[in-house]
Amino acid sequence: MHQTEYKFSDKTISCYFDAEFSSLENLVDKDKIVFITDSNIVKLHADKFEGKKFIVISAGEKNKQQSTVDFIINELIKLQAGRETFIIGIGGGVVTDIAGYAASVYMRGVKFAFIPTSILAMVDAAVGGKNGVDVGIYKNLVGVIRHPEFLLYDYSFLKTLPQEEWINGFAEIIKHACIKDEKLFELLENNSLEIFQQAHRKISELIKRNVEIKYNVVANDEFETGERKLLNFGHTLGHAVENIYQLPHGNAVSIGMAAACKISVEVNNFPGEESERVIELLKKYNLPVTLPFGERRSGAIWEVLLMDKKKSGDTMNFILLNKIGNGVVKSISLHQLKELIFQNL
Ligand code: ADP
Ligand code: ZN
């Protein structure tokens, strides 16, 4: 296990990389812990919860909503959880987002920490302090920014992670490489999902490197006035197609990134060969780069996009690439964006 500290303006958090679940007992008084997890994790890792206090939510993004928070609060009351309670969210991004939010509002806030168990949660959802729920089709519309006390990374959880969740998680890793880290992009080109799945040292280094990228972007811009927007690369379109086609998040973001690359070629002098390299890398990691077959629901996509939180007046901030490893925020008029999207999606 090695500990790294990450400083935010109001808090320093510890990340325990390459740690074991059992080392939790050295970090928190076990009588104070209430775990929040989902129905898959509790089945696959039942041994971890024996004799402990825990709350189980149903797995899946559709449960990331206020009624699940109400359920958690009722369970906390049943467990007689007081102000000294320490909540530990153990699971994928849905669990960490909702556990952080429930912990932030229960009794006006109790302490919490995360044990992320999916690639996506490890490199993205659990890092950065954003916690919350979806409201209908609007993702993460309600929530808080509050950091956990610590993050504990136990890679043995990944042994049970389904293949499609590995693939989804790698969409965010490729995103990080595209906007910030050309060397990481090359590393991904020179390796493969199978290699990362088999080599403990490689996945462990990859995850730490991605936590660092996300942390640096967030710490430089905690209130999302500039650089943090880069993390939305592929996400503006991604969220729209995720909603409309009911795609997994990583798949949707991958389609969004492929379109954003083509748009970057058209309006940002991003070289065509570089765009092809990104698209090839997405394919190499089994991610889709075009919309699923069938009717193209352009009208619906545009409508969801217009509701996007990032829109301001008649322009929208859109993330483009200058080159691989260098993302940029561009304000594009809605009129131009509409054309670009339907030519390139
Ligand atoms: P995210 O992709 O944001 O992490 P979820 O929290 O919904 O989203 O996790 C994706 C799916 O993977 C869920 O069905 C969840 O139960 C499952 N999952 C997460 N971690 C593991 C794991 N280590 N082993 C098996 N399934 C897992
Ligand atoms: Zn994402």
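User: What is a polar contact, and which ligand 1 atom does Thr-117 meet in one?

Analyst: A polar contact is a pair of N or O atoms within 3.5 Å; within protein, one must be able to donate a hydrogen and the other to accept it, and residues adjacent in sequence count only if both atoms are side-chain atoms. This is a predicted model, where local features need pLDDT of at least 70, side-chain atom pairs count only at pLDDT 80 or more, and totals for chains, interfaces and linings use all residues. Side-chain values use heavy atoms, without hydrogens and water, residues are numbered from 1 along each chain as its sequence is written, and chains are lettered from A and ligands numbered from 1 in the order in which they are written. At 2.8 Å from a polar side-chain atom of Thr-117 lies a ligand 1 nitrogen atom.

User: How many residues surround ligand 1?

Analyst: A residue counts as near a molecule if one of its heavy atoms lies within 4 Å of it. Among the closest are Asp-38, Gly-93 and Thr-160. The residues around ligand 1 number 16.

User: At what distance does Ser-118 meet an oxygen atom of ligand 1?

Analyst: A backbone N or O atom of Val-94 lies 3.0 Å from an oxygen atom of ligand 1. For a polar side-chain atom of Ser-118, the distance to an oxygen atom of the ligand is 2.6 Å.

User: Which helix supplies the largest share of the shell around ligand 1?

Analyst: Helices are DSSP runs (H or I, at least four residues), numbered from the N terminus. Both α1 (39-44) and α3 (93-105) supply at least two residues of the shell. The largest share, 3 residues, belongs to α1.
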